[in-house]
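Take a look at the model below. Some questions and answers go with it.

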Amino acid sequence: MTIAAGERLLTIMPAWNEADSIANVIKEIQHEVPDTDILVVDDNSDDDTVGVARAAGAQVLRLPYHLGVGGARRLGYRYARDRRYDVAIQMDADGQHDPKYIHDMVSQLATTDLVIGARFAGEGVYRVRGPRQWAMRMLSAVLSRIARSRLTDTTSGYRACGRELIEYYSRNYPVEYLGDTVDTIIQARRCGYTVGQVPVAMRPRQGGTPSNSPVKAMVYLLRAFFALALALVRR
C-alpha cells in the first residue's frame with residue numbers, strides 16, 4: 001500500500017505515562033509507514049513522555065489536565081482537521097498495536113468510512129476471558145447489527161478514517177468511558193457512514209503495567225452495559 005499522491009496521513013497516539021514504550025512505537029511507525037506524520041497527544045503525563053516522543057521525531061501536544069483517551073483523541077482529530085489531513089489513524093502508544101497493519105487499514109478506506117483493527121478476526125492469538133470477554137461479545141453483537149457488518153472487536157482503539165469523519169470527530173468525539181469506542185461506531189452509523197474491520201494481531205505491552213484484575217473485569221462489564229445504553233439513547 002502507498003498513500004495516493006497528494007494525500008496526507010496522520011497517526012494520532014494518545015499517551016499517558018508511556019515514556020518506556022513510545023520511542024520504539026514511533027520508530028516502528030516511521031519504518032512501516034514513512035509517509036505518515038505522527039502526533040502524540042500527551043494526557044498530562046507524570047513521566048518524560050513528551051520529551052521522549054519529541055526526541056523520536058513526533059509532533060507533540062500536551063493537555064494541561066488529565067482528560068482520558070477520549071479527550072486526547074478529540075484534540076488529535078482537531079489537529080488533523082485544522083491541518084487538512086486526508087486520513088487519520090488512531091493507535092495506542094504502549095506498543096500493542098502493530099503499525100504494519102496501517103497498510104491494510106488505509107487500503108480498506110477505499111470502500112469503508114471507518115475501519116477497525118480487529119483482534120478477534122483470525123489474526124494472532126490474543127484472548128480475553130471472564131467478564132471482559134462477555135462484555136466484548138455483547139458489544140460486538142449489538143454493534144454488528146447497527147453497523148450491518150460483522151464486527152468482532154468493537155472496543156479496539158486501532159482505527160482509520162477519512163476526512164469526513166475527521167471533521168465529525170473533531171467536534172463530536174466522546175470523552176466518556178468506552179465512548180471513544182462504542183459511541184464512535186454508533187455515531188458513524190447514525191450519520192450514514194459505513195463501518196468495517198480488518199484482522200490484526202495484538203502484541204504485549206512494550207512498557208508500563210496493565211491494569212487487569214477480576215474486580216476491574218467485572219467493573220468493565222457493568223460499565224460496558226451503561227456505555228452502550230448511553231450511546232443508544234444519545235442524539
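This is a predicted model: local features need pLDDT of at least 70, side-chain atom pairs count only at pLDDT 80 or more; totals for chains, interfaces and linings use all residues.

Q: How far from D43 is the nearest side chain of opposite charge?
A: D43 is buried and has no salt bridge. A salt bridge needs a nitrogen of Lys or Arg within 4 Å of a carboxyl oxygen. For D43, the nearest side chain of opposite charge is R62, at a distance of 9.1 Å.

Q: Which side chain makes a polar contact of 2.8 Å with the side chain of D43?
A: The cut-off for a polar contact is 3.5 Å between N or O atoms. At 2.8 Å, the partner of the D43 side chain is the side chain of H66.

Q: Which residue has its backbone nitrogen 2.7 Å from a polar atom of the D43 side chain?
A: Leaving out residues up to four places away in sequence, D43 touches A15, W16, L63, Y65, H66, L67, G68 and V69. From this group, the backbone nitrogen that lies 2.7 Å from a polar side-chain atom of D43 belongs to L67.

Q: Is W16 buried or partly exposed?
A: W16 lies in the loop between β1 (9-15) and α1 (22-32). Beyond its neighbours within four places in sequence, W16 contacts D43, N44, S45 and H66. Buried would require under 20% relative accessible area. W16 has 43%, so the residue counts as partly exposed.

Q: How far apart in space are W16 and A72, C-alpha to C-alpha?
A: In sequence, W16 and A72 are 56 residues apart. In space, their C-alpha atoms are separated by 9.6 Å.

Q: What is the phi of N44, about?
A: N44 is found in the loop between β2 and α2. Its relative accessible area is 23%, so N44 is partly exposed. N44 is not a glycine, yet its phi is positive, at about 60°.

Q: What is the phi of N17, about?
A: N17 lies in the loop between β1 and α1. With a relative accessible area of 26%, N17 is partly exposed. N17 is not a glycine either, and its positive phi is about 55°.

Q: How many aromatic pairs does a search of the whole structure find?
A: Rings pair if their centres lie within 6.5 Å. With that rule, the search of the whole structure gives a total of five.

Q: What angle lies between the ring planes of Y79 and Y85?
A: Y79 is buried at 12% relative accessible area, and Y85 is buried at 3%. Their ring centres are 6.5 Å apart. Planes under 30 degrees apart count as stacked. The Y79 and Y85 pair is stacked, with an angle of 20°.

Q: Why is the pair of Y168 and Y169 edge-to-face?
A: Both residues, Y168 and Y169, are buried. Their ring centres are 5.9 Å apart. Edge-to-face requires planes over 60 degrees apart. The Y168 and Y169 pair is edge-to-face because the angle between the planes is 65°.

Q: Where does D98 lie?
A: D98 counts as buried because its relative accessibility is 11%. Apart from neighbours within four places in sequence, D98 is in contact with E28, Y158, A201 and R203. The place of D98 is the loop between β4 (87-90) and α4 (102-108).

Definitions and conventions: Residues are numbered from 1 along each chain as its sequence is written. Side-chain values use heavy atoms; hydrogens and water are left out. Buried means under 20% relative accessible area, exposed over 50%, partly exposed in between (1.4 Å probe, protein chains only). Lys and Arg count as positive and Asp and Glu as negative; His and the chain ends are not counted. A polar contact is a pair of N or O atoms within 3.5 Å; within protein, one must be able to donate a hydrogen and the other to accept it, and residues adjacent in sequence count only if both atoms are side-chain atoms. Contact means heavy atoms within 4.5 Å. Rings of Phe, Tyr and Trp (its six-membered ring) pair if their centres lie within 6.5 Å; planes under 30 degrees apart count as stacked, over 60 as edge-to-face and the rest as tilted. Helices (H or I, at least four residues) and strands (E, at least two) are DSSP runs, numbered from the N terminus.
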